[in-house]
Each structure stands twice: as C-alpha cells, then as structure tokens.
Amino acid sequence: MTALAPPAPPSRWRFLLIATLTPLLLAALIGWTGVEHARSLEAQAEAARSFERERVLLLLMSAVKDAETAQRGLLLTGDRAFLAPYAPARAEVERLLGAAGAAGRSLRPAIAAKFAELDATIALFERGDAAAMRREVASGRGKRIMDALRDAVAAAAAAERTRSAERSASFRRHRDDSYRLLEVSGALAGLILLGIILALWRSLSERHAAARAAHEAATRHAAILASTTDTLLIVTTGGTIETINAAGQDLLGYSAAELSARDLATVLPSRAGDDDLRARFGAGAARGVFPDQVARRRDGSDVTVDVAIGVMHGPDGDRLVLSLRDASDRLRIARAKDELISTVSHELRTPLTSVVGSLALLRAADAGEWPPQAVRLVAIADNNARRLIRLIDDMLDVDRIESGQLTIARKPLDLRTITAQATLDGEGVAQRHAMTLVDVVAPAPVMVAGDVGRLLQVVTNLVSNAIHASARGDTVTLRTEVAGGRARVSVDDHGPGVPADLRSRLFDRFQSQRASGGTGLGLAIAREIVRRLDGTIWFEDRAGGGTRFAFDLPLLTDATGDAAGQAGTPLILHVDDDHDLCEAMTVALEDVATMICAKGLDAARADMRDRRPTLVLLDMALGDGTGAALIPELLDACGQPIPLVLLTAADVPPEIARRATAVLVKGRHDLAAVVETIRRQLRELGAHR
Amino acid sequence: MTGPLRLLLVDDDPDIRTIVTLALGLDPAMTLVAVGTPDEALAAIAAGPPFDAALLDVTMPVMDGPALLGAVRAIVPDLPVIFMTAHSRAHELVALYAAGARGVIVKPFDPLTLAVQVRALLP
C-alpha cells in the first residue's frame, strides 16, 4: 500500500485577492452608475427648465398681443370696455418677464417700447383725441415694434427649444449609460453570485465525498480490525493501549473499554530483567517479529503468542501496531511432530540395534564353516538393516534442517582428507559390485572452512549414488581441485545419466530415490549442507556418457580463516575424544560462543595455530595422549596463557590444576554446571577485554 | 582405562542385553552383569562387589534412565554412568549430559568396538 499525500490546503492569498477585488469592482460600477444617473436627472431638469422658458416666452408674446388687442378694440370701438384686459395683460407681462430669466431681460427694452407706444396711444384716446390715436396707430410704429418683438421672442423661444432638445439628448444619453452600467453591474453581481454558489456547491460536494471516503475507509479498517483472527493492539510509543480488536478481546478476555488507556504490560507482562517495552521489543520499539512471547489473559492465565510489531505514522505522532497470534497450535503441532519423530526414530532404532548388532557379531564370528548362501544372506540382511538406519538418520537430518537445528561446524580442513576417507569407506561396497573407486587428489591442500562429518556425509552420499548408478566393472572417480577460485569436489560415474523427468527436482526430497536406490533424502541433505557452507551443488552430463555430481565451496585463505570465528563471538576450543559431548557443548553454548571440537592432540595443535581460541576446554585423557602435553602450548598471540578449563574424568595433578581457571570432573559436575562455569568464564573475559 | 572392569547393564530389551553381553565379552577383562529392571539393578549394586561403571538404557518402563541414575547415585555417589540410547538428537543428548552422564553411546552401536568405546569414556 502506498502512502497517500495529504491534500494541499487552499491558497489563502488567492482567496483574499478575489474576495477584495470583486466587491471593489462592483462598488466602482455602482458608483459610476450613480454618477451617470445624477447627470441624466440634471439634464432632464435642465430640459424641463428650457421648455418652461419657451412656454413663458410664448405666453409673454400672447400677453403682449392681449394688451395690443385691448388697445385695438378701444381704437376701433371707442368703447372703454375693450380696455379692461389691458391692465391685467400688462401685469401678466411683468410677471412673465420675471419668469423668463435671461431671455426676459433681453426682451425687456422691446416690451417696454411696445408698452410705451400702447400707453401713448391710449393716453391720446383718454385725452379725447381719437383721431390722433388712429394716426399714431396707422403710422405703423406700433406694428414695427410688435414685429421686432415677435421676432425677438421667436428667436429666444427657438434658442430655448434648441437648448431643451440638447438637454433632452444629454438626459437620454446619461440615462442610457446608467442603464447599461446597471445592466453590467447586475450581470457582474449575478456572475459573482453564480460563482459563489458554484464554489459553495463544489466545496460542499467535495466535503461530502471526502467525508464519505473517510467513512468508507474507516468502515473498511474497522472491518479489517474486526474480522482478522489475529489480535491487533494499537499502542502509543509510550506503551499505552489505545485500541484492541474483537479477536484480541476474545483471546485475552478483556473488553476494549477495559484495556483503553491501560499499559501494555497488562496483557504483555514484562519478565524479570526486561521491564519496559523498549527492552523487550528492541531499541525504539522498532518493527519486527518476536515469537513465543507470553500474553496474560484477564483471568490471570497465560497464553503463548507470536508478536509482530509495525509502526504507524500519524499526524499526532507514531503508534505501534502489535499483532498477537496465538502460538498454542503452532507449539502443539511442533511438539507433536517432535514427539512423533523422536518416538518413531527411537522405536525403529531399538530393534535395528538388535538386528545390526546380531549381524555384526555373526559376521565377525568364524564364517568359514558356513555355506556360501548363508554368508550372502547375512550380508543382504546387514546391508538392508544399515540402509534403514541411514533412512532414520536422514529423516532426523531433514528435521534438523527444517527446525534450524542442523549444526554445521566451520573449521579449516583439507578437502583431500574428505575424499580419501570417502574412498576408503566406499571401497567395500565398490568391491562387492566389482567396481573401482579412484581418488584423483589435488597436488596441494584444498582448504575450506567446513564440518568434517557433514562433508564426509555429502561425499559418501555422492559416491554411494554413483556406485548404484554404475554397472559392474565401472570406475567411479572422485576428484578434489581448485576451479574458478573455489574448492571443488566431483564424483564421476559411467551410468545412464539422470532421467529427464527428474533433472529439475533431483535435489528435492524423495525424488532421487528411484535413481539411486537410496533413501531419497541424501541429495536434499547434501544440498542443505553445501548451501550452509556457502557452496553450490550440481550435476552435469559427462561427455562420453555418465554423470558428474560436484559441489564447490569458498576457498579458505589466511584472511578468511581469521574471519571464520565471527567478530566479537568468543571461540572455544574443546579438546575431547567424546564427539557426542562436543556436540552437546556446541548446542548448549551456541548463543554465547563458537565451538571448535578437536578429538586429539594433533587436531588441537592445528586449531591452536589456525583459529586462536579465546578459551580452551580440555579433557586430560585423549585417544592419542594426555591433555597435559598440550597445556604449555596454550598461549595467545602475545605468548600469554589462554584461559583453560579442565573437563575430565582423569585425576588432575595439582600443578596442572593451578594453571586452569576451573576444574570440572565428568560425572560429578553435570552439563549444566559445566555450561554455567564456561559462561561465567566468558563473562569475566568479556569484562577484562 | 585398560584394567579389568566390572560393569552393570540395565536395559529392558533382552535382545540388547544379549548383544551387549556378547559385544563386551570380546574384551576378556570386562565382566558384565546385565539386568532388565531398576529393582534388579539396585539389588545388584547392593549385593556387591562394587561396579566400575553402569550402562543404562534411557527409555524404560517404570523408571527411565535419568531417574535410575538418581537412584543409583543415592547409593554410590560417584559411580560413572554411561547412557545407551536410541535417542540421537542434540537436545536429547544435552538432557542426558545435564542429568550427569559420563558419556552417551548412541544406538545402534557397533558391537565390535563397544568395549573400546566404553573404556574411552572411563577414567
């Protein structure tokens, strides 16, 4: 699962810019609209005023005409009654002149002249000189004045009309502009509103989608937590429990609420000496798998669990995810399998001990008097009984490989000694099949870091397979050599070759059986042994018929020899001719030291020279002499005595006992005491380093 | 050790007792008392003369080898005990050494060299 990047937060600056500019733009548009509107109103008022002034001018002209009509009526009829409208008309003219503004002022002299003419003619009538009045009127002066006045009024009215039209146009222009601006502002406001609604919608639907996704994820996670059969605990790095799933509640008997905020030690109690999470689960409580931990149930009972720890990174700090798997079944099955293998192998070995022992004693007895048939039958029984034993041993080896208990030493050895021994061991079988075993040895030692017994097992198996694949009279050739910078052992036969259907799985279990007549496990075990020694095993068809089985191992040089004892791990040289005890010690001390076993003085001397052990565990009675002979030679690179522990059944002279840091007597001190003494020695050595 | 040895064998399997008797009979300096039960073994020890070592089978009914070793040591605290067992796995051998064995001989053993193996394990 890839980690998803968290979503980026929205840009604050962009949001602020939009939020500021949009209202500003809208306000500017509305302001502009207001200005245009005011201008249009002003133009409208101006147009109305001009129109009014034009109307006043026309009324003015009409009033003057009324006054003249009154004068003419008087003149024509002599009836004073016609003069009645004259004074009101004159007053009307005065009022209209005031209302006419600038135009009125320009017309006033002409009007004054008109009224002077009218007054003069009327005065003539009043004096009773109607004839003079008629002359005066007939002179046409009054008409001229009136014509001039009419022209002036018409011009002023035309001017006002023009002005009024201009103002009206201006009004319409500004009004239209303000309408347009209003439309633009409205459209803009509408757009902004639409944008806001869209953004709001998007934000809401995104929020909904996110909430739904989060809900689905949470549901999924909850389902995983609930449905997994392993116990899952979410714990803070400080060791406080936050959550436990249903399986965990079933396994441990607690409810989630009961465990919330409790310390992890409630369910994973610390053992003596490792009292916190870090100590138990490694520095920083890093991820890893910790098998066979003890978990405590609510009722106080314990259950063995395998604990896997993962780290969960979160925004509010790291959490540890502890997965607890009930290991009871695994342990029960492992125990049952262990018991079965142990019982089967024991129950098969016991009767085979009688069979093989009887046959061996029988064959050792004087067989001269037996009929040849009997000798052959005893040999057949012996061969097959031994084959059964090999099968049991192979099965135990396979079990050791599977359980990781196959112990393989890595001590310097010459591969030529292995092929020589295998040749010697195979001689008897080869002779019975009228075959020849040839060992082609390298001219110089072919050194590797390996286990004599296990490598001999590999080579013996290859030789045995080769013999079974060959026909009577054939030759089987063993060869040690250095090839491609590696040590190589090969076994050649002239057999029919490996069947095609077996070639790809020849080294798998129970596959090679048909071809070799063996247990079917030998090659699988051989491959594991070679692999564990950093080598490769293979087979190839030989030119001219037959098969070559070969394996190679890293060549041991001086440099790699020194590195063979892992850095920091103490190297203990155990000199004892009891191989089983050596093996038992190797197993008992494998967690603190690398063991080298030497069976005799010569092997011990070689190991002292090649491996430089930290401590020597010495048996006094050895097959090829007394351990005492070795003691003066137990010196380190600086010539200082190497710490010595004596483990022996023989009497130890006082001067030798003084040289040793501990003396343990076989039989009196049990293995546990021996192991504890050596552990103590190693601790003290470690403290002085 | 090369001198005469008086040995006690405890194994519930009569065939094994026969084979061990024959195998150790190849060494003229060895005397073997072979019994099939812990009671007989303790009785043989009590009856004397003293044994130089005991060869004990591990898987036996009533009392297993390590338990018998405890019972034997209660009478003869420093009697060397060698287990003869068909168990051959490392942890099984470790358990036997931990119980106080002088040595372990894994079955099937080679009857022709059994006497030599026994002598090699004894002081």
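A cavity is a set of points, on a 1 Å grid over the protein atoms alone, where a 1.4 Å probe fits but cannot get out. Grid points are joined across faces, edges and corners, and a volume is the space filled by probe spheres set on the points.

The legends below describe a predicted model, in which local features need pLDDT of at least 70, side-chain atom pairs count only at pLDDT 80 or more, and totals for chains, interfaces and linings use all residues. Residues are numbered from 1 along each chain as its sequence is written, chains are lettered from A and ligands numbered from 1 in the order in which they are written, and side-chain values use heavy atoms, with hydrogens and water left out.

**Figure 1. The largest cavity has a volume of about 90 Å³.** Two cavities of 30 Å³ or more are present in the structure. Lining residues have an atom within 4 Å of a point; from chain B they are Tyr97(B), Ala101(B) and Arg102(B), while those from chain A include Leu581(A), Met585(A), Lys666(A), Asp670(A) and Val674(A). In chain A, helix H16 (579-588) and helix H19 (671-688) each provide at least two of the lining residues; helices are DSSP runs of H or I with at least four residues, strands are runs of E with at least two, and both are numbered from the N terminus. The lining comprises seven nonpolar, two polar and three charged residues, where Ala, Val, Leu, Ile, Met, Phe, Trp, Tyr, Cys and Pro count as nonpolar, Asp, Glu, Lys and Arg as charged, and the others, Gly among them, as polar.

**Figure 2. Chain B and chain A bury about 2800 Å² between them.** Buried area is the accessible area (1.4 Å probe) that two parts lose on being put together, summed over both. Of this area, 63% lies on carbon and sulfur atoms. On the chain B side, Arg89(B), Tyr97(B) and Pro108(B) lose the most area to chain A, together 25% of what that side buries. The contact (heavy atoms within 4.5 Å) involves 33 residues of chain B and 32 residues of chain A.

**Figure 3. Gly288(A) belongs to strand E3 (residues 288-296) of chain A.** Gly288(A) counts as partly exposed because its relative accessibility is 24%, which falls between buried (under 20% relative accessible area) and exposed (over 50%), with a 1.4 Å probe and protein chains only. Apart from neighbours within four places in sequence, Gly288(A) is in contact with Val307(A), Ala308(A) and Ile309(A). Its C-alpha atom is separated by 7.0 Å from that of Gly310(A), 22 residues apart along the chain.

Methods. 1 Å grid on protein atoms, 1.4 Å probe; cavity = no way out; pocket = protein on both sides within 12 Å on 5 of 7 lines; lining within 4 Å.
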